[in-house]
Amino acid sequence: MWQRIQTLYLAFAILIQWFSFFIPLGSFSDSECVGQYFYLTDVALVESYILNILITIGAVWAICNFKNRKSQMQICTLLLIATIIALLSTVLNTYFFASDQSLWSNVYYAFFAQPIVVILLVVLAKRAIRKDDELVRSSNRLR
């Protein structure tokens, strides 16, 4: 299971997805809060937590479902959709949080590269699964 490259891609996607809770999303520029950072946990609503949990469970399920490649590809497609929704949710929640009149903040826009990296890793995993499936099918034809 761990010798397959798609397993590593999905494992890295899980790690990067959960690091988003520990990386600062921005800092306050208000005179009272200078030097304090805000994180996704400050900005996020319940859907961000649910999406992170769903993405993690889906990736673990795809890793554990290594014998059924067709199901693995479908799970990766669902992971892509969930990650895109998580990216849009994070962008919207951050926009509404930062545009609050009582609070002035500096948003670190590099943070939004994190879901894009997760999307890239899931796409690479899906390609590797498809390549494995084609390899197995071609070896079955030789028999």
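Here are some notes on this structure, point by point.

1. **Ground rules.** This is a predicted model, so keep in mind that local features need pLDDT of at least 70 and side-chain atom pairs count only at pLDDT 80 or more, while totals for chains, interfaces and linings use all residues. Residues are numbered from 1 along each chain as its sequence is written, and side-chain values use heavy atoms, with hydrogens and water left out.

2. **Overall layout.** The chain has five helices and three strands, and reading along the sequence gives α-β-β-α-α-α-β-α. Helices (H or I, at least four residues) and strands (E, at least two) are DSSP runs, numbered from the N terminus. Of the 143 residues, 42% count as buried. Here buried means under 20% relative accessible area, exposed means over 50%, and partly exposed is in between (1.4 Å probe, protein chains only).

3. **Surface and contacts in total.** The accessible surface of the chain is about 8700 Å², with 68% of it belonging to carbon and sulfur atoms. Such areas come from the Shrake-Rupley method with a 1.4 Å probe, and for residues only the protein chains shown count as cover. Take the contacts with a separation of 6 or more: 72% of them are between residues 24 or more positions apart. A contact means heavy atoms within 4.5 Å.

4. **Helix α1, the inward side.** α1 has 15 residues and reaches 21 Å from its first C-alpha to its last, close to the 21 Å expected at 1.5 Å a residue. The expected span is 1.5 Å times one less than the number of residues. Its buried residues are Gln6, Thr7, Leu10, Ala11, Ala13, Ile14 and Gln17. Seen down the axis of α1, these fall within an arc of 155°, so they line one face of the helix. The arc is that of the directions from the helix axis to the C-beta atoms.

5. **A nonpolar patch.** Ile5, Leu8, Phe12, Leu15, Phe19, Phe22 and Ile23 make a nonpolar surface patch of about 680 Å². Patches are made of residues with over 30% relative accessible area and no salt bridge; like charges are joined within 9 Å, and nonpolar side chains (Val, Leu, Ile, Met, Phe, Trp, Tyr) within 5 Å. One member, Ile23, lies in the loop between α1 (5–19) and β1 (26–28). Ile23 counts as partly exposed, at 38% relative accessibility.

6. Leaving aside its neighbours within four places in sequence, Gln114 is in contact with Ile16, Gln17 and Ser20. Gln114 and Ser20 are 94 residues apart along the chain, yet their C-alpha atoms are separated by 7.2 Å.

7. **Strand β1.** Ser27 is found in strand β1 and is buried, with a relative accessible area of 11%. Ser27 and Tyr37 are 10 residues apart in sequence, and their C-alpha atoms are 4.2 Å apart.

8. **Helix α3, both sides.** The buried residues are Ser48, Leu51, Asn52, Ile55, Thr56, Gly58, Ala59, Ala62 and Ile63. Down the axis of α3 they fall within an arc of 165°, so they line one face of the helix. The face turned away from that buried side carries the exposed residues Val46, Ile57, Trp61 and Cys64.

9. Asn65 is in the loop between α3 and α4 (69–98), and at 18% relative accessibility it counts as buried. Beyond its neighbours within four places in sequence, Asn65 is in contact with Ser71, Gln72 and Ile75.

10. **Which residues are linked in a network of salt bridges?** They are Arg69, Asp133 and Arg137. A salt bridge is a side-chain nitrogen of Lys or Arg within 4 Å of a carboxyl oxygen of Asp or Glu. Asp133 pairs with Arg69, the closest N and O atoms being 3.3 Å apart. Asp133 lies in helix α5 (residues 113–142) and Arg69 in helix α4, so this pair ties together parts 64 residues apart in sequence. Asp133 also forms a salt bridge with Arg137 (3.4 Å, N to O); being four residues apart in α5, Arg137 and Asp133 are separated by about one helical turn. Asp133 is buried at 13% relative accessible area, whereas Arg137 is exposed at 52%.
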